[in-house]
Amino acid sequence: AFPNHRDPFADMTTPQELIDHFRTNVSPRVADAMSLDEAARVLASRPGRNLKVHCNTLTAGDGKVVLVGDAAHAVSASVGLGCNSALQDIQVLVAKLDKHNHDWREALQDYNIERLEDAHAVCEISDNTLPRTSMMRFEMTMRLMLRKALPKQLSGFMRPMPTELTGVQGLRFSEILDRCRWWTDRVKDSKAKLSKARQSKERLSKASLSKA
């Protein structure tokens with residue numbers, strides 16, 4: 001997402017403006033490496049929006065339809081959970097088919113009971129892991145650095161970040177969310193406050209224009 005939900009390229013009309021933006025806001029080396037043709041292609045391809053999927057059931061049709069992967073829980077690529085969660089879906093589905101001797105109706109009911117909570121959890125983790133404020137970004141960076149620098153005896157007392165647990169084998173997404181709600185709830189609250197502040201600013205701006 002762009003800062004303040006504003007596309008910095010929206011008002012640019014020439015490739016040179018884009019290169020100048022990268023020189024000032026990203027890195028002179030990046031700007032020097034970008035040709036006018038490449039900058040023109042960037043301006044021509046408008047940024048898309050992330051598609052999110054949140055389902056209230058993962059099965060339908062009395063054992064004839066099952067949702068896995070992005071069909072069940074499409075999420076942002078920001079924390080890299082899409083492929084891992086899809087593979088876990090298949091792993092659970094195969095286990096349920098084996099358990100119920102390939103009775104699809106029983107297997108899918110069991111799959112839905114076990115996997116729906118994790119499908120919701122992976123969406124929650126993806127949406128609310130990366131902070132939106134500079135203070136929380138600094139805190140996240142420092143926590144991850146301290147975890148690596150401190151001895152295990154001390155770092156074990158620190159509450160885990162979601163990114164530290166998503167790669168732990170055998171740990172369900174619902175368990176990760178339970179252990180990391182202290183962080184994801186804070187990110188969610190900060191997003192709500194930023195959204196409220198942005199809406200308030202837009203209302204004041206409209207009011208000022210109407211009076212002018």
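The model is a predicted one, and the protein it describes contains ten helices and two strands. Its radius of gyration is 22 Å, whereas a compact globule of 212 residues would have a value near 17 Å.

**Overall architecture**

- Read along the sequence, the secondary-structure elements follow the pattern α-α-α-β-β-α-α-α-α-α-α-α.
- The C-alpha trace of the protein spans about 70 × 50 × 45 Å along its principal axes, and 31% of the 212 residues count as buried.
- When contacts between residues at least 6 apart in sequence are considered, 53% of them join residues that are at least 24 apart.

**The second largest pocket**

- The second largest pocket holds about 350 Å³ of space, and its lining is made up of 17 residues.
- Gln-88, Gln-91, Gln-169, Gly-170 and Leu-171 are the lining residues that lie nearest the centre of this pocket.
- Helices α5 (82-99), α6 (104-127) and α10 (173-211) each supply at least two residues of the lining, with the largest share, five residues, coming from α5.
- Sorted by class, the lining of the second largest pocket comprises six nonpolar, seven polar and four charged residues.

- Within helix α7 (residues 134-149), Arg-143 and Glu-139 are four residues apart, about one turn of the helix, and they form a salt bridge in which the closest N and O atoms are 3.0 Å apart.
- Glu-139 also meets the side chain of Arg-186 in a salt bridge, with an N to O distance of 2.7 Å.
- Because Glu-139 lies in helix α7 and Arg-186 in helix α10, this pair ties together parts that are 47 residues apart in sequence.
- Arg-186 has a relative accessible area of 32%, so this residue is classed as partly exposed.

- Salt bridges that share partners join Asp-89, Arg-115, Asp-118 and Arg-172 into one network.

**Glu-124 in helix α6**

- Glu-124 is found in helix α6, and its relative accessible area of 18% places this residue in the buried class, for which the cut-off is under 20%.
- Leaving aside the neighbours within four places in sequence, Glu-124 is in contact with Leu-177, Arg-181 and Lys-188.

Definitions and conventions:
Residues are numbered from 1 along each chain as its sequence is written. This is a predicted model: local features need pLDDT of at least 70, side-chain atom pairs count only at pLDDT 80 or more; totals for chains, interfaces and linings use all residues. Side-chain values use heavy atoms; hydrogens and water are left out. On a 1 Å grid over the protein atoms alone, a cavity is a set of points where a 1.4 Å probe fits but cannot get out, and a pocket is an open set with protein on both sides within 12 Å along at least five of seven lines; lining residues have an atom within 4 Å of a point. Grid points are joined across faces, edges and corners, and a volume is the space filled by probe spheres set on the points. Ala, Val, Leu, Ile, Met, Phe, Trp, Tyr, Cys and Pro count as nonpolar, Asp, Glu, Lys and Arg as charged, and the others, Gly among them, as polar. A salt bridge is a side-chain nitrogen of Lys or Arg within 4 Å of a carboxyl oxygen of Asp or Glu. Buried means under 20% relative accessible area, exposed over 50%, partly exposed in between (1.4 Å probe, protein chains only). Contact means heavy atoms within 4.5 Å. The radius of gyration is taken over C-alpha atoms; the globule rule is 2.2 Å times the number of residues to the power 0.38.
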